[in-house]
Amino acid sequence: MRTVNAYAAPSATEPLVPTTIERRDVGPKDVLIAIRYAGICHSDIHTVRGDWGPITYPQVVGHEIVGEVVEVGPAVTKHAVGDRVGVGCMVNSCRECENCRAGMENYCLKGNTGTYAAVDRDGTITQGGYSTHVVVDEDFVLRVPAAIDYAAGAPLLCAGITTYSPLAHWNAGPGKRVAVVGMGGLGHMAVKIAAAMGAEVTVLSRTLAKKDDGLAFGATDYYATDDAATFEALKNRFDLIVNTVSAPLDLNQYLRLLRLDGTMVNVGAPPEPLPIQVFSLFNNRRSFAGSSIGSIAETQEMLDFCAEHGIAPETELIAADQINDAYERVLSSDVRYRFVIDTATL
Ligand code: NAP
Ligand code: ZN
Ligand code: ZN
């Protein structure tokens, strides 16, 4: 065991505070990573505030992790000391179920082991990336290509894969019209990735405040959802809508924007149920779907895709003592477009 610096939530209502946590000894197939940067995902905030249900405190969150390998177990073959690596939203899975055997550990039927706030194999609660080191089974550690900037790479491990996976699955590409709802951490990555895949991308944001950014990220159109005329103008238009919004929306309004056989996929995770009128689905034989992060193989594919296409998240680097302010800014959508913690300040 080693004791390392971290930032933890003491309860659902108090600010995060500096602390120390224990990391397990490096097992035969484990990799010890010195974390350099950790992104702040809206899911971190949902989790520590208990939005998705009660958790055990104190809790360290963070699942957009990049760093360097500093030690490997004797049976490790995929990573070596000095490698640039990443860890995303999961650190293990059962490896035996139908979905794991199909290479889709993110959909493990026994539940994948989340990077934080999950019960680990040893019965402890996993602690996330707002810390200086983490020990992870080599199978859940990604290679970060040299072409990807270290600090800017962190958000790819959640915001990148969570948007890449549905875009790839529903064939975003040339001739496809894709809408991205909400342009925050996930949304801005969805715009960049869908554009790089060759799709025609439209941003649906509450206002036009971020229009110049959206067009610079590769969108060809940008509409304000605060304006009712948007929903008239865009009826029956899209093949795919990716909803990244962290709060409830009137889904029916958005479903009506799908053309024949179009799909709206929800990656945003508000705790409240979202009502759907089935008639919004009947017309144009529309589908409503969900998607959860991506597999390890797909995450590696996404990192390589981003390196090849020169795609990087837009980040604002912060010190650990700015985490609580950053949370407030994420909650008020005052983020351009992802906060990344410099773990040297922990
Ligand atoms: P974020 O940076 O806060 O972005 C969310 C965006 O949603 C905002 O930028 C804003 O876009 C829009 N929005 C926020 N509040 C809204 C409201 N009340 N009404 C309408 N629009 C609103 O959050 P994020 O880190 O991208 O995460 C987004 C959601 O995805 C969270 O719920 C998170 O937990 C979830 N998530 C899911 C997965 C998965 O595997 N499915 C993975 C990661 C995250 P505009 O300002 O452009 O309107
Ligand atoms: Zn996340
Ligand atoms: Zn499984």
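The donors of the zinc ion (ligand 3) are spaced C-x2-C-x2-C-x7-C along the chain.

Colleague: What should I know before reading the model?

Modeller: This is a predicted model, in which local features need pLDDT of at least 70 and side-chain atom pairs count only at pLDDT 80 or more, while totals for chains, interfaces and linings use all residues. Residues are numbered from 1 along each chain as its sequence is written, chains are lettered from A and ligands numbered from 1 in the order in which they are written, and side-chain values use heavy atoms, with hydrogens and water left out.

Colleague: Which residues coordinate the zinc ion (ligand 3)?

Modeller: Donors are N, O and S atoms within 2.8 Å of the metal (3.2 Å for Na, K and Ca); water is not among the atoms, so sites may look incomplete. Here Cys-94, Cys-97, Cys-100 and Cys-108 each give their SG atom, at 2.3 to 2.4 Å. Cys-94 and Cys-100 are buried (under 20% relative accessible area, with exposed over 50% and partly exposed in between, for a 1.4 Å probe and protein chains only).

Colleague: What is the geometry of that site?

Modeller: Ideal angles at a metal are 109.5 degrees for four tetrahedral donors. The site of the zinc ion (ligand 3) is tetrahedral, with angles of 103 to 120 degrees among its 4 donor atoms; four donors count as tetrahedral if all angles lie between 85 and 135 degrees.

Colleague: How do α4 and α10 pack?

Modeller: Two packed helices are described by the angle between their axes and the distance between the axes. Axes are lines fitted to C-alpha atoms, for helices over the stretch in contact, and angles run from 0 to 180 degrees between N-to-C directions. Helix α4 (residues 159–169) meets helix α10 (residues 296–309) at about 95 degrees, with axes 10 Å apart. That makes α4 roughly perpendicular to α10 (65 to 115 degrees).

Colleague: How many residues of α4 are buried?

Modeller: In α4, 9 of the 11 residues are buried, so the helix is largely enclosed by the rest of the structure.

Note on methods: Helices (H or I, at least four residues) and strands (E, at least two) are DSSP runs, numbered from the N terminus. Angles under 35 degrees count as roughly parallel, over 145 as roughly antiparallel, 65 to 115 as roughly perpendicular and the rest as oblique. Four donors count as tetrahedral if all angles lie between 85 and 135 degrees; four count as square planar and six as octahedral if opposite donors are over 155 degrees apart and all others between 65 and 115; anything else is irregular.
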